[in-house]
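Hi,

Here is the structure I promised to pass on.

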Amino acid sequence: MSAVLGLGTYKARDVEAAARTACAADAAWVDTAPNYQNGQAHAALGPVLADHPQVKVTTKTGFFTPQQGQAAVAAGVLQEEQARAGHCLAPRFVRWQVEQSLAELGRADIVFLHNPEHATPHQANARMRMMWEAFVVLEELAHSGRIGGYGVATWSGIESGAFTVRDLLALARYAAGQGQHHLMALQMPVSLVKDTPIRQALDGRGPLVQARAAGLTTFASAPLHGGALPDLLTPELVDLIRPGLSPAAACLLAAASTPSLDTVLLSASSSPHWIEAGHALALPLEASRLKEVLDVCATG
């Protein structure tokens, strides 16, 4: 079974239009962050999510715009030096930023720590402590019903070895104390460029397999590698993936066929693109075909 489609708003040109199109196409998830679209993504999504209560929403905490940073300074949750950094996982800021997000979005089924590898990149112990402190805040928010749960959205944290799925689970258990933890999800890049998670999952190992085995929902970000990937596919490679598909749909199908992947995030805003993607994902690639595609990419 292939992954389901969700809307990723990082690259969306018109967030509100993309969200309305995605919701009309029965997208399962909408993924966003406070800093997306220069800080305007949440405000654009709020009315759409109110009209579509069945759609689940994920947002993030960590990065912020300069304007949001100054608002946090005025609120007393950041110092000027912290605001200049543009990224913070300090407990007071995490709590404040999540509450700001809830006010704009109306709800949050999952709040991701946003690229926690960005924090103290050369101090592993300090980074782990910072992540644990942020988890404690998110545990409290989940326990009180303010959010559904939390996760980690990373670009390079897993790949670089900054942390592992086992680390995240241990931090969550420690943050929850004696209760059941609310760590719910892992988001990471999965594509024909960022293909290590695909290769590992095909071998029954790696972060996606580990996360799924622990009951976490897995999300693939950047399946088109920022929109650059479709231009790299030859007609022969598209036909190998599935004849008749567009290069973009072929890239999506390859990513969505990854074992242990639940959701692949697409930033398209037009209805034809969503319809094509949905049709492509209805029949996932067999593992043998996906391995063949990866081998061709590796030698290309």
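How many nonpolar, polar and charged residues does the lining of the largest pocket have? By class, there are 18 nonpolar, 15 polar and six charged residues in that lining (Ala, Val, Leu, Ile, Met, Phe, Trp, Tyr, Cys and Pro count as nonpolar, Asp, Glu, Lys and Arg as charged, and the others, Gly among them, as polar).

Before the rest, some ground rules. This is a predicted model, where local features need pLDDT of at least 70 and side-chain atom pairs count only at pLDDT 80 or more, while totals for chains, interfaces and linings use all residues. Residues are numbered from 1 along each chain as its sequence is written, and side-chain values use heavy atoms, with hydrogens and water left out.

Back to the pocket. A pocket here is an open set of points on a 1 Å grid over the protein atoms alone, where a 1.4 Å probe fits, with protein on both sides within 12 Å along at least five of seven lines; lining residues have an atom within 4 Å of a point. The largest one has a volume of about 1000 Å³ (the space filled by probe spheres set on the points, which are joined across faces, edges and corners). It is lined by 39 residues, and Lys11, Ala222, Gly226, Gly227 and Ser267 are the closest to its centre. Helix 13 gives the largest share of the lining, four residues (helices are DSSP runs of H or I, at least four residues, and strands are runs of E, at least two, numbered from the N terminus).

Helix 13 spans residues 247–256, and eight of its 10 residues are buried (under 20% relative accessible area, with a 1.4 Å probe and protein chains only). Those buried residues pack against helix 12 (235–241), strand 8 (263–266), helix 14 (271–281) and helix 15 (287–299). One to look up is alanine 250, which sits in helix 13 and has a relative accessible area of 0%. Not counting residues up to four places away in sequence, alanine 250 touches Leu233, Val238, Ile241 and Leu245 (contact means heavy atoms within 4.5 Å).

Of its 89 residues, Phe135, Leu138, Ile147, Leu233, Ile241 and Val264 touch the most other members. Helix 7 (residues 124–143) supplies the largest share of this core, nine residues. There is also a second, separate core of eight residues, including Phe64 and Val77.

Cheers

Notes: Buried < 20%, exposed > 50% of the residue type's maximum accessible area, 1.4 Å probe, protein only. Core = buried A, V, L, I, M, F, W, Y, C linked by side-chain atoms within 4.5 Å.
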